[in-house]
Amino acid sequence: MAAPKKSVVGPLVGAVVQGTNSSHFLVFNSKTAELLSHHQVELTQEFPREGWVEQNPKEILQSVYECIEETCEKLNELNIDISNIKAIGVSNQRETTLIWDKLTGEPLYNAVVWLDVRTQSTVENLSRKIPGNNNFVKSKTGLPLSTYFSAVKLRWILDNVKDVQKAVEEGRALFGTIDSWLIWNLTGGVNEGVHCTDVTNASRTMLFNIHSLEWDKELCDFFEIPMNILPNVWSSSEIYGLMKDGALEGVPISGCLGDQSAALVGQMCFQEGQAKNTYGTGCFLLCNTGRKCVFSERGLLTTVAYKLGRDKPVFYALEGSVAIAGAVIRWLRDNLGIINTSEEIEKLAKEVGTSYGCYFIPAFSGLYAPYWDPSARGIICGLTQFTNKSHIAFAALEAVCFQTREILDAMNRDCGIPLSHLQVDGKMTNNKILMQLQADILHIPVVKPSMPETTALGAAMAAGAAEGVGIWSLKPEDLSSVLMERIEPQIKATESDIRYSTWKKAVMKSMGWVTTQSPASIDSAIFSSLPLGFYIVSSMIILIGARYISGIP
């Protein structure tokens, strides 16, 4: 009996989405934007010390290979011919930093994740080198000097890992964010793999000039980073190389975007003033500012939104970054054990429908926008004997929404035109209570696409539209319309404002918890004070004398 004929559904495009918590491979129909199949693998994170967050680069790579192979198997089961996959796009967690040996292909250290705050003392030392009247780092990169970005993580690795120091001296070391690591390996690795990144990922390293779109020698000199370890910078949509192994061998990799830029493209925010908010491990609100850099006075970042072709113009965005969003749900699951799965938090929060005056500030890695306070730490306040785990679960969801309001308020003031609604995406948007809370706290409608995988869609669109591929049109008239769900606010603005002002009071209490000065150095500083030392010694003599005179044994 003849095998059933494979169905033809038009040119297909695959998308690798490598996130902080998982890797994912998805396949779309380029003509309809329909998601045909996908596979996801959860990843582990390592916390060697307080404030340190690492991942195994080989586990990340293996998870991507597994996702691609499993998705292809699923397509075969659906009778869809995988030879119709004509291009692959890559989207990735940004800023996460790694170095590997180009001769062996082996990582020289774990990937230092964007959430990692071990570099606080490095940041403080570097900040003292920046002239107060000439913050050339921010003017060139659009970024504040922070533990968040790649340059300080790379500086720490170069200072502390002997294997890396040796490899740099011998010309064997390659630096990259996760996109560079994946593309280098997928295109051959030690066998002529392509060492590259795109403008969106490069713009998050703090080594890239967002005006000239090049690695900047002054910045590299400031951070003392050798430029020969940096990847070549390409646009977000062009053929970087071909898959060298596996079921998709020979397919071009032709799209690359940092995850938040990919979501902006996937939400089709191509017009100046359009914005989206992605709810993932963190929370990231991006507003397209067109072809001009807009610098914020309220703690937002200026970043590259996308450049969809070698000869196409670059577009910029203002970004509000929140470190902890979905990560707080994972913390409640893995650290406190009050839920068994991330999905359970919705049921738990629904049981009470209120935080009962409990407020949760999840500043596990300090506070990002709009405060940029690395000394902040997480607190739960407003507790009473009545408070239970359901109230804490509800407060955790509220925290995500309050943080979004803070960055939305800053963006509205910077842009001068308040958003009339908020476009949202990411896995957390499946949580109905979270979405209703978000509409209530912002007091504007929240608009959610029926297909929430917009990060993957953006990477696929960039790959399919690349010159030499040309199977996905980005012309406005050709873009597929996406079904949207609209969630309206259900509480009065005054109630929303009262809750928000209490949240802000709680945020203030979370600040200033951590200093980089060690307890030992504090003690030595106290006792190195001569007057204080004299006072302590003389007090002890008087006390001993008094006990002797009174006859106390």
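**Aromatic pairs and their surroundings**

Analyst: The model is predicted, and everything that follows should be read with that in mind. A search over the whole structure returns 24 aromatic pairs. One of them joins Trp-52 and Trp-156 in an edge-to-face arrangement, with 5.3 Å from centre to centre and 80 degrees between the planes. Trp-52 belongs to the loop between strand 3 (35-42) and strand 4 (54-55), while Trp-156 is part of helix 4 (residues 150-160), so this pair ties together parts that are 104 residues apart in sequence. Both partners fall under the 20% limit that defines a buried residue: Trp-52 counts as buried because its relative accessible area is 14%, and Trp-156 is likewise buried, at 13% relative accessibility.

A second pair, formed by Tyr-148 and Phe-149, is tilted, with the ring centres 4.5 Å apart and 35 degrees between the planes. The angle explains the label, because planes under 30 degrees apart would count as stacked and those over 60 as edge-to-face. Tyr-148 is buried, with a relative accessibility of 0%, and Phe-149 is also buried, with a relative accessible area of 0%. Tyr-148 and Phe-149 belong to a cluster linked by ring pairs, in which Trp-114, Phe-284, Tyr-368 and Trp-372 also take part.

The charged end of Arg-118 sits over the ring of Trp-52, at 3.8 Å from the ring centre. Arg-118 also lies over the face of Trp-156, where the distance to the ring centre is 4.6 Å. Arg-118 is thus placed over Trp-52 as well as over Trp-156, and these two rings form the edge-to-face pair described above.

Helix 14 is mostly covered, since 11 of its 12 residues are buried, among them Thr-454, Leu-457, Met-461 and Gly-464.

A further buried position is Ser-510, in helix 15 (residues 493-510), where the relative accessibility is 0%. Beyond its neighbours within four places in sequence, Ser-510 is in contact with Ile-361, Leu-367, Ser-375, Ala-376, Arg-377 and Ile-379.

Methods:
Residues numbered from 1 in each chain as written. Predicted model: local features only at pLDDT ≥ 70, side-chain atom pairs only at ≥ 80, totals over all residues. Heavy atoms only, no water. Helix = DSSP H or I, 4+ residues; strand = E, 2+ residues; numbered from the N terminus. Buried < 20%, exposed > 50% of the residue type's maximum accessible area, 1.4 Å probe, protein only. Contact = heavy atoms within 4.5 Å. Phe/Tyr/Trp six-rings, centres within 6.5 Å; stacked < 30°, edge-to-face > 60°. Lys NZ or Arg CZ within 6 Å of the ring centre and 35° of its normal.
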